[in-house]
Amino acid sequence: HAVVVRLVVCGENFVFPSFSMNFVALLDDLRLAGERKNITAQLSCLNEICTFICIGADEIVRGFPTQSYAQELVSIVKGNVSKDVDVFAVRALALILDLVPKSCTLVINAGAVPVLVQLLRPSSDCLQLCKEEVIKALEKVSLEAPQAILKDGGLLLLLHSLDQLRQDRQQMHLRVVSVVGNVCSRVKLSDWGEVSAAVPVLSQMMEAYTGLPSDEPEEDVYALLIAICTCFAHLVDRLGFSQNHLELVLSPDVASVLIASLQHFTEMLPTVVGAERKHQLVLLQNAVLKLLGLFFVTNPAVARRVLLRPELFQGVCQSLATLATTAVPTTAHLVDGSVVSADIFRQERAVGQFLELLVVVLPPLPTTHALSQPEMLVPFHTWKWEDEYHNLTEFEPAICVRVEGEYARQRREGVLHSMELSLGGRQVTLYFEEMVQLNRSSRLSRPLCRDPLP
């Protein structure tokens, strides 16, 4: 093992032995410690594994024996050797999912998801830290295989775990809601039984976090509330073709919470100090407005019944009017590199949103040979492709409009198939049912993402 990799970590030199010496030898040591029931040795090996994955060079991590490690780590958690060992074993699984490319399928095939989900049960006596590592691992699984979490009953247990989280409460709640959002983005009508429990919990979280005192850390709260809106948007987008399910997703009670939150954010806007905080608050307002707009676009008949109640629609109109007239000191970067005040751009967007909402909400005019029902001018979705590290790259606006138009047409016809597209000289095929993008030359496929709240 003459080959070494020298890393600089925290200003110090570490001699990192070759992959063949480290990971294979460590796995043998871990197995031997397990056979001898030596908890101290197991903890030492697991700690080294976590350290090596974190500081390992990219070419070393890519050669990581994921399948062998996943099987051994799952076996350790199943054996319930000790609470401390469980923490390190789950942490190692979470790091593998996070840092080792294309590891998700191998970890799932090793039986990790049902084992991780069981640790979230209220009856489980695992440590709080272990549950936090479980949530981190499931967050990575949800990016590639959200159905695996749904199939093993993980969604309901994740939601129930919210009350058990004590440290970094807002950040862990954000992780849980992110998992729920990823699951909702792939949900099918047949999954409603498992997903339905998320609706009241998300509504209660929206209401609770909207009413937090102003001295709470606002950045995490804003991100959490936007994530909740995204969850609802995915449910509306995926289940909106079923009138009964849409009425359950955005019921009058849920709509009341959303609009009350919107009014609260609007009232807060003049009192918030700092351009960045004002900007975050405007983003949050826009997320709620886009969700309501998406609701109208998806099924106007249901939306009119739910939201055209005087007290609800009046709240929306008041908030939009306030947004259109309240100045917020933000800036915008133009194409030529210059920076100008973005007040006018934000106000124009608010007025545009108000007019778009009216177009959809008001009863359509009688159609004749010269007049047809107006369509939304601004698409509610953007399209992105995802690399092996789960980084999302958005298509160009013109491409997004083309793809969304074709997707909407196929959806209206009731059959989702494919679309041919040219991206920067590359010929690709988009498969809407599987949500993947295939490069026709290299045969490389990448996941697609349709974001309902761009």
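Which residues in α2 meet which residues in α5? First, the ground rules. This is a predicted model: local features need pLDDT of at least 70, side-chain atom pairs count only at pLDDT 80 or more, and totals for chains, interfaces and linings use all residues. Residues are numbered from 1 along each chain as its sequence is written, and side-chain values use heavy atoms, with hydrogens and water left out.

Now the answer. From α2, Ile39, Gln42, Leu43, Leu46, Asn47, Ile49, Cys50, Ile53 and Cys54 meet Asp84, Val85, Phe88, Ala89, Arg91, Ala92, Leu95, Ile96 and Leu99 of α5. Contact means heavy atoms within 4.5 Å. Helices here are DSSP runs (H or I, at least four residues), numbered from the N terminus.

Geometry next. Helix α2 covers residues 39-55, helix α5 residues 83-99, and they pack at about 20° with axes 9 Å apart. Axes are lines fitted to C-alpha atoms over the stretch in contact, and angles run from 0 to 180 degrees between N-to-C directions. So α2 and α5 are roughly parallel (angles under 35 degrees; over 145 is roughly antiparallel).

Second pair. Helix α16 (residues 252-268) and helix α17 (residues 275-298) pack at about 150°, axes 10 Å apart. That makes α16 roughly antiparallel to α17.

Last, the cores. A nonpolar core is a set of buried Ala, Val, Leu, Ile, Met, Phe, Trp, Tyr and Cys residues joined through side-chain atoms within 4.5 Å. Buried means under 20% relative accessible area (1.4 Å probe, protein chains only). The largest core has 113 residues; Val180, Ile228, Phe232 and Leu307 touch the most other members. Helix α14 (residues 218-239) gives the largest share, 13 residues.

Note on methods. Helix = DSSP H or I, 4+ residues; strand = E, 2+ residues; numbered from the N terminus. Parallel < 35°, antiparallel > 145°, perpendicular 65-115°, else oblique. Buried < 20%, exposed > 50% of the residue type's maximum accessible area, 1.4 Å probe, protein only.
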